[in-house]
Amino acid sequence: MRVLCAHFKTDAVVIIGSQAILASWPDAPMLLRRSGEIDAYPINAREWEAKNPGLEASEEIFALFGEASAFHLAHGFYIDGVDEATAMLPKDWRTREQRRLVKDGPKTLYAIAPEVHDLAIAKLCRFDEKDIAFVAELVRSGRVQIDTAMQRLEDVEAPTEIRHRAESYLRKLKR
């Protein structure tokens with residue numbers, strides 16, 4: 001997070017992948033925090049792109065901090081550059097966002113992440129095997145309530161088949 005804030009000259013980074021769970025649950029079970037990547041973008045990505053014509057923030061992140069980069073080799077994890085459209089989140093997720101304050105010398109930086117139910121919805125819309133296991137663990141741990149997740153799913157702009165698949169899986173978990 002610090003490296004993205006410094007590079008993009010901002011005080012906040014949005015984290016939308018599985019590692020977003022750490023904003024609200026820093027000691028989450030290993031199953032939920034074992035990813036070697038962080039899906040993130042600087043809060044000022046669009047402004048940065050306007051000042052740097054022809055460049056995309058997500059590509060800049062991949063080039064400097066992505067898989068097999070010097071950053072990855074030095075730190076053992078990498079940053080996957082994404083943007084605000086990468087994850088299918090409820091339209092109003094920012095009203096529930098989780099903020100994790102990080103001090104960097106005299107600076108105060110923020111990691112912004114979806115609330116746990118919103119994160120679960122994004123994972124269900126993606127529906128990879130690891131995403132399904134992630135959501136099942138959130139439900140098993142009591143961090144996600146099925147009824148709340150079903151309500152949040154109603155507020156996601158997603159194709160019908162994706163919504164139905166997510167609903168079906170949530171119903172299966174409820175049994």
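This is a predicted model: local features need pLDDT of at least 70, side-chain atom pairs count only at pLDDT 80 or more; totals for chains, interfaces and linings use all residues.
**Notebook: core and helix packing**

Leaving out residues up to four places away in sequence, I found Ile 21 touching Ala 28, Leu 32, Val 116, Leu 119, Phe 134 and Leu 138.

I then looked at the core to which Ile 21 belongs. The largest nonpolar core has 43 residues, and Leu 4, Ile 21 and Leu 138 touch the most other members. Which helix gives the most to this core? I noted helix α7, residues 116-126, with 6 residues. Another core lies apart from the largest one; I counted 10 residues in it, including Ala 12, Tyr 41, Val 82 and Ala 87. As a general note, nonpolar side chains tend to be buried together in soluble globular proteins.

**Entry on α7 and α9**

I took α7 against helix α9, residues 146-153. The two pack at an angle of about 65°, and their axes are 9 Å apart. That angle makes α7 roughly perpendicular to α9, because 65 to 115 degrees counts as roughly perpendicular. I logged the crossing of α7 past α9 as right-handed. On the α7 side I listed His 117, Asp 118, Ile 121 and Cys 125 as making the contact. On the α9 side I listed Thr 148, Ala 149, Arg 152 and Leu 153. Sorted by class, the contact of α7 with α9 holds 4 nonpolar, 2 polar and 2 charged residues.

**Entry on α7 and α10**

Next I took α7 against helix α10, residues 160-174. At what angle do they pack? I noted about 115°, with the axes 8 Å apart. α7 passes α10 in a right-handed crossing. From α7, the contact is made by Ile 121, Leu 124, Cys 125 and Arg 126. From α10, I wrote down Ile 162, Arg 165, Ala 166, Tyr 169 and Leu 170. By class, I have 7 nonpolar, no polar and 2 charged residues for the contact of α7 with α10. Ile 121 and Cys 125 of α7 are on my list for α9 and on my list for α10.

**Entry on Phe 65**

Phe 65 sits in helix α5, residues 57-65. Is Phe 65 buried or exposed? Its relative accessibility is 7%, so Phe 65 counts as buried; the cut-off for buried is under 20%. Setting aside neighbours within four places in sequence, I found Phe 65 in contact with Val 3, Leu 4, His 7, Phe 71, Tyr 78 and Ile 79. I also checked Phe 65 against Glu 157: they are 92 residues apart in sequence, and their C-alpha atoms are 30 Å apart in space.

Conventions: Residues are numbered from 1 along each chain as its sequence is written. Side-chain values use heavy atoms; hydrogens and water are left out. A nonpolar core is a set of buried Ala, Val, Leu, Ile, Met, Phe, Trp, Tyr and Cys residues joined through side-chain atoms within 4.5 Å. Buried means under 20% relative accessible area, exposed over 50%, partly exposed in between (1.4 Å probe, protein chains only). Helices (H or I, at least four residues) and strands (E, at least two) are DSSP runs, numbered from the N terminus. Contact means heavy atoms within 4.5 Å. Axes are lines fitted to C-alpha atoms, for helices over the stretch in contact, and angles run from 0 to 180 degrees between N-to-C directions. Angles under 35 degrees count as roughly parallel, over 145 as roughly antiparallel, 65 to 115 as roughly perpendicular and the rest as oblique. A crossing is left-handed if the near helix is turned anticlockwise from the far one by less than a right angle, and right-handed if clockwise. Ala, Val, Leu, Ile, Met, Phe, Trp, Tyr, Cys and Pro count as nonpolar, Asp, Glu, Lys and Arg as charged, and the others, Gly among them, as polar.
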